[in-house]
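These are my notebook entries on one model. I looked up the ligand site, then aromatic pairs, then backbone geometry.

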Amino acid sequence: MGFRHLLSIADLGPDDIDEILRVTDSFVEVSERAIPKVPTLRGRTVVSLFFEESTRTRLSFETAAKRLSADTMNFSVSTSSVKKGESLRDTVVTIQAMGVDAIVVRHGSSGVPWQVAQWTPASVVNAGDGWHEHPTQALLDCYTIRQELGRGFDGLHVGIVGDVKHSRVARSDVRALALLGARVTLVGPPTLLPPSLAGWPVDVSHDLDDVVPKLDVCYLLRMQLERQEQALVPSLREYTARYGLTLERVARLPDHALVMHPGPMNRGVEIAPEVASLPRAVVTKQVTNGVAVRMAVLYRLLGSGVAL
Ligand code: CP
């Protein structure tokens, strides 16, 4: 496998994903050691360039880089010269001039990681661009499903529920799960689904109660109220009544089925607070695995030829 950037799941084939998940196994083992650190990326520098809020992804990449012994640089828009009007391009060129090997970028506009990749010789990782993609979230989701269910993806049925329209997680997850052979059903009201699903390898349902008993994974999306320019559901109460994962609905999932969410969760909207605490809700496991998955991605981008 030889890729220089990770901008989209479309950059990867099934074998690439398999290899990242296999390398992740090694970094899960490293993360469980008393001293969870290896010298693999000593002398390399990874910068986090986040123009949008993040808790999980930013800290996860930073932890991953540190566990690989890379140096890290952290860019914060609110304290940077972006506030004085410095352009994205000048910001990237300035950071590059300090000598960096990888730029992990999150931006509210789709396509920005591709632009950044034009302006730097460093490897660029998309940590979420607009509504478009969030590839490392999809990889950590696939890893968690495989780990928790102990099976492959052929014939696996994943329901992705809620605000698909505004969700970069949904777009990356659909691509990755379909590549691996899973069946994906998008579930939500028509107003929260993309206007055209041409080319999406998915089934669609507007009835969560019908789909729930058929799922191996019920993947809930955050209702992204900050991205909605107009009310797309009559009320949050009505949304929760029809599409929220309540204890009653969980009871109708197959016994083995997982509940997943990329975070941050709107408790009481797309997921009932009691559901988030059930053993089958593997949300914190997703976060834990995120560090090892991002170690695997940084290793594949920067550590070629270096033994684990
Ligand atoms: N899942 C996810 O991307 O979370 P953050 O926005 O906290 O990084």
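I began with His134, where a side-chain N or O atom lies 2.9 Å from an oxygen atom of the ligand. For Thr57, I found a side-chain N or O atom 2.6 Å from an oxygen atom of the ligand. Gly263 contributes a backbone N or O atom, 3.3 Å from a nitrogen atom of the ligand. I note that the protein covers 91% of the 260 Å² of accessible area that the ligand has on its own (Shrake-Rupley method, 1.4 Å probe).

The model is predicted: local features need pLDDT of at least 70 and side-chain atom pairs count only at pLDDT 80 or more, while totals for chains, interfaces and linings use all residues. Residues are numbered from 1 along each chain as its sequence is written, and side-chain values use heavy atoms, with hydrogens and water left out.

Entry 2, the shell. I listed the residues that surround the ligand: Ser54, Thr55, Arg56, Thr57, Arg106, His134, Gln137, Pro262 and Gly263. By class, this shell has one nonpolar, six polar and two charged residues; Gly counts as polar.

Entry 3, aromatic pairs. My search of the whole structure gave three aromatic pairs (ring centres within 6.5 Å). Phe27 and Tyr299 form an edge-to-face pair, at 5.9 Å centre to centre and 70° between the planes (edge-to-face means over 60 degrees). Phe27 belongs to helix H1 (residues 14–31) and Tyr299 to helix H11 (residues 283–302), so the pair ties together parts 272 residues apart in sequence (helices are DSSP runs, H or I, of at least four residues; strands are E runs of at least two).

Gly263 and Pro264 are joined by a cis peptide bond, with omega about -5°. I placed Pro264 in the loop between strand S9 (258–260) and helix H10 (273–276). Ser69 has a positive phi, near 70°, and is located in the loop between helix H2 (56–67) and strand S2 (71–76). Most residues other than glycine have a negative phi, and most peptide bonds are trans.

Notes
A residue is near a molecule or strand if one of its heavy atoms lies within 4 Å of it. A polar contact is a pair of N or O atoms within 3.5 Å; within protein, one must be able to donate a hydrogen and the other to accept it, and residues adjacent in sequence count only if both atoms are side-chain atoms. Rings of Phe, Tyr and Trp (its six-membered ring) pair if their centres lie within 6.5 Å; planes under 30 degrees apart count as stacked, over 60 as edge-to-face and the rest as tilted.
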